Amino acid sequence: MQDPIFLQVKALISTYIDVAQDELDMSADLDLVYDMDSTEMTEFAKEVERKFGIPASKSERGSWESGQAIYEFIRAKKVESCV
């Protein structure tokens with residue numbers, strides 16, 4: 001079984017970029033493969049904050065090159081908030 005947070009992030013990205021979840025490559029570059037530019041990433045960050053309660057600064061979003069990177073960011077923030 002996969003991490004529920006991973007599945008939620010994948011579902012959120014899939015919905016946002018309008019790609020079926022089973023076709024979404026979480027390791028793919030979101031800009032190069034899915035044409036998700038910086039403006040869209042800013043809007044997506046608002047979705048992340050709404051869904052997970054985790055704000056992301058512009059500098060933090062700079063590392064969001066893939067769905068996997070976004071998942072790792074959210075997972076790390078969730079762990080931080082539990083400590």
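**Figure 1. Overall fold of the protein chain.** The protein chain contains 5 helices and 0 strands. In this predicted model, the order of elements along the sequence is α-α-α-α-α. The radius of gyration is 12 Å, close to the 12 Å that the globule rule gives for 83 residues, so the protein chain is as compact as a globular protein of that length. The C-alpha trace spans about 35 × 30 × 20 Å along its principal axes. Of the contacts between residues at least 6 apart in sequence, 49% join residues at least 24 apart.

**Figure 2. Surface, interior and charges of the protein chain.** Buried residues account for 37% of the 83 residues. The protein chain exposes about 5,200 Å², and 49% of this area is supplied by carbon and sulfur atoms. The protein chain carries 9 positive and 17 negative charges. The mean position of the positive charges and that of the negative charges are 9 Å apart.

**Figure 3. The aromatic pair of Y16 and F44.** A search of the whole structure finds 4 aromatic pairs. In one of them, the ring centres of Y16 and F44 are 5.3 Å apart and the ring planes meet at 65°, so the pair is edge-to-face. The reasoning rests on the angle: planes over 60 degrees apart count as edge-to-face. Y16 lies in helix α1 (residues 4-17) and F44 in helix α3 (residues 38-52), so the pair ties together parts that are 28 residues apart in sequence. The two partners may also be described by their accessibility. Y16 counts as partly exposed because its relative accessibility is 30%, whereas F44 counts as buried because its relative accessibility is 0%. The cut-off that places F44 in its class is under 20% relative accessible area for a buried residue.

**Figure 4. The aromatic cluster around Y16 and F44.** Y16 and F44 belong to one aromatic cluster, together with W64 and F73. Helix α1 provides Y16, and helix α3 provides F44.

**Figure 5. D18, a residue with positive phi between α1 and α2.** D18 is not a glycine, yet its phi is positive, at about 60°. This residue is placed in the loop between α1 and α2 (30-34). D18 counts as exposed because its relative accessibility is 71%; the class of exposed residues begins over 50%.

**Figure 6. D35, a residue with positive phi between α2 and α3.** The phi of D35 is near 55°, which is a positive value in a residue other than glycine. D35 is placed in the loop between α2 and α3. With a relative accessibility of 59%, D35 counts as exposed.

**Figure 7. Q21 and its contacts with L7, K10, A11 and S14.** Q21 is located in the loop between α1 and α2. Its relative accessibility is 39%, and Q21 therefore counts as partly exposed. When neighbours within four places in sequence are left aside, Q21 is in contact with L7, K10, A11 and S14. The C-alpha atoms of Q21 and E43 are separated by 20 Å, and these residues are 22 apart along the chain.

**Figure 8. A11, one of the residues in contact with Q21.** A11 is in helix α1 and is among the contacts of Q21. A11 counts as partly exposed because its relative accessibility is 22%. A11 and L30 are 19 residues apart in sequence, and the distance between them in space is 14 Å, C-alpha to C-alpha.

**Figure 9. K46 in helix α3.** K46 is found in helix α3, the helix that also holds F44. The relative accessible area of K46 is 40%, so K46 is partly exposed. K46 and M26 are 20 residues apart in sequence, and their C-alpha atoms are 19 Å apart in space.

Methods
Residues are numbered from 1 along each chain as its sequence is written. This is a predicted model: local features need pLDDT of at least 70, side-chain atom pairs count only at pLDDT 80 or more; totals for chains, interfaces and linings use all residues. Side-chain values use heavy atoms; hydrogens and water are left out. Rings of Phe, Tyr and Trp (its six-membered ring) pair if their centres lie within 6.5 Å; planes under 30 degrees apart count as stacked, over 60 as edge-to-face and the rest as tilted. Helices (H or I, at least four residues) and strands (E, at least two) are DSSP runs, numbered from the N terminus. Buried means under 20% relative accessible area, exposed over 50%, partly exposed in between (1.4 Å probe, protein chains only). The radius of gyration is taken over C-alpha atoms; the globule rule is 2.2 Å times the number of residues to the power 0.38. Contact means heavy atoms within 4.5 Å. Accessible areas come from the Shrake-Rupley method with a 1.4 Å probe; for residues, only the protein chains shown count as cover. Lys and Arg count as positive and Asp and Glu as negative; His and the chain ends are not counted. The place of a charge is taken as NZ of Lys, CZ of Arg, CG of Asp or CD of Glu.
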